[in-house]
Amino acid sequence: EATGEYRREMEIVGGSFELGDWPEFAKRFGHILLWNVARMRVASLVDAVVSIRYVSSDGQPFLYAIALYEHHEFTSLTDSLSEIEGLIQTLVPDSQQEATADNRRRTWALQDPKGGSGTGVIGRLTLTPNQLIVECDSRERLDQIKHRLAATYGFSLHFRGETTNPPSRTVTATQLATDEPVFLLISPEEDRALLRTFLETVYLEWADQESPTLDGRTPRHAAASESGRSQVSALIHGMEQQDLGMRRTGIRAFDYNKLRAHVGLEEVAQ
């Protein structure tokens, strides 16, 4: 049908009425049929992939789209984030709070408005003394929240990086051919691997980026002075205590001694 429409357009525009004969048309423009087959196969594949749902071991949506920000306004951000429509502040378990050197941590959840099975928390914002971590179940949702944060806070938040690709999986044609969404279970090991790749990229670049906590100096530059070394050391220690992998899987996703070595600090025994 798509090729037939294309053929009729060619007849009208070019006045070549002999193209109304399919055998004649196929001799000269048979590649249009192949092009339409390829185009429609790609469109079908995109529709099928978009319907894939990634879930964690607890059955909740797997939040693979992550963005990291740095800030130095914990109190004001705590107050204003609570006022954003759709975000629900959640309690951090006491056991997790006590495990950190600085127990100032706030978490907001974004619930799926559609409800139903296989749904739950589709977004999460975690605010620590120096970072804001945004986790979402899709690239599109992450972009929506990023735009909202940019419009609300502007330069108060310093964007440090993001990851929007889920763990690599091979999906069969049979799975994609179903009318129902495909649910893929992501293991804690896959979760840690994703976080490790993301944090290694972000944190090694962080060493040479101006930090609001360090009065605009880069961590590497600040660590060159005695007073700056203690500030950078405390900052990295806080990042280590609030490690995203520890909260999601119970195991740190990044070796923070790599970061200490990167800025010229001594390693700390684990």
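Predicted model: local features only at pLDDT ≥ 70, side-chain atom pairs only at ≥ 80, totals over all residues.
**Notebook: a sheet, a helix and a core**

Strand β5 covers residues 121–127 and pairs with β6 in the antiparallel sense, over 5 bridges. I then traced the whole sheet. It is open, has 6 strands, and runs in the order β3-β4-β5-β6-β2-β7 with antiparallel pairing. Which strands stand at the edges? I found β3 (87–90) and β7 (158–163) there; each has a single partner strand, so one side of each lacks a neighbour in the sheet. From one strand to the next, I noted a twist that averages 20°.

I moved on to helix α9, residues 226–241. I counted 16 residues and a reach of 23 Å from first C-alpha to last, close to the 22 Å expected at 1.5 Å a residue. Which residues of α9 are buried? I listed G228, V232, L235, I236, M239, E240 and Q241. I checked what covers them: the cover includes β2 (65–70) and β6 (131–136) from the strands, and α7 (188–206), α8 (219–222) and α11 (256–263) from the helices.

Last, I turned to the core. The largest nonpolar core holds 53 residues, and L81, L125, L132, V134, L149 and Y203 have the most contacts inside it. Helix α7 supplies the largest share of this core, 7 residues. I followed up Y203. Leaving aside residues up to four places away in sequence, Y203 touches L68, Q131, M239, F254, Y256 and L259.

Technical notes: Residues numbered from 1 in each chain as written. Heavy atoms only, no water. Helix = DSSP H or I, 4+ residues; strand = E, 2+ residues; numbered from the N terminus. Expected span 1.5 Å × (residues − 1). Buried < 20%, exposed > 50% of the residue type's maximum accessible area, 1.4 Å probe, protein only. Contact = heavy atoms within 4.5 Å. Pairing = 2+ DSSP bridges. Axes fitted to C-alpha atoms, helices over the stretch in contact; angles between N-to-C directions. Core = buried A, V, L, I, M, F, W, Y, C linked by side-chain atoms within 4.5 Å.
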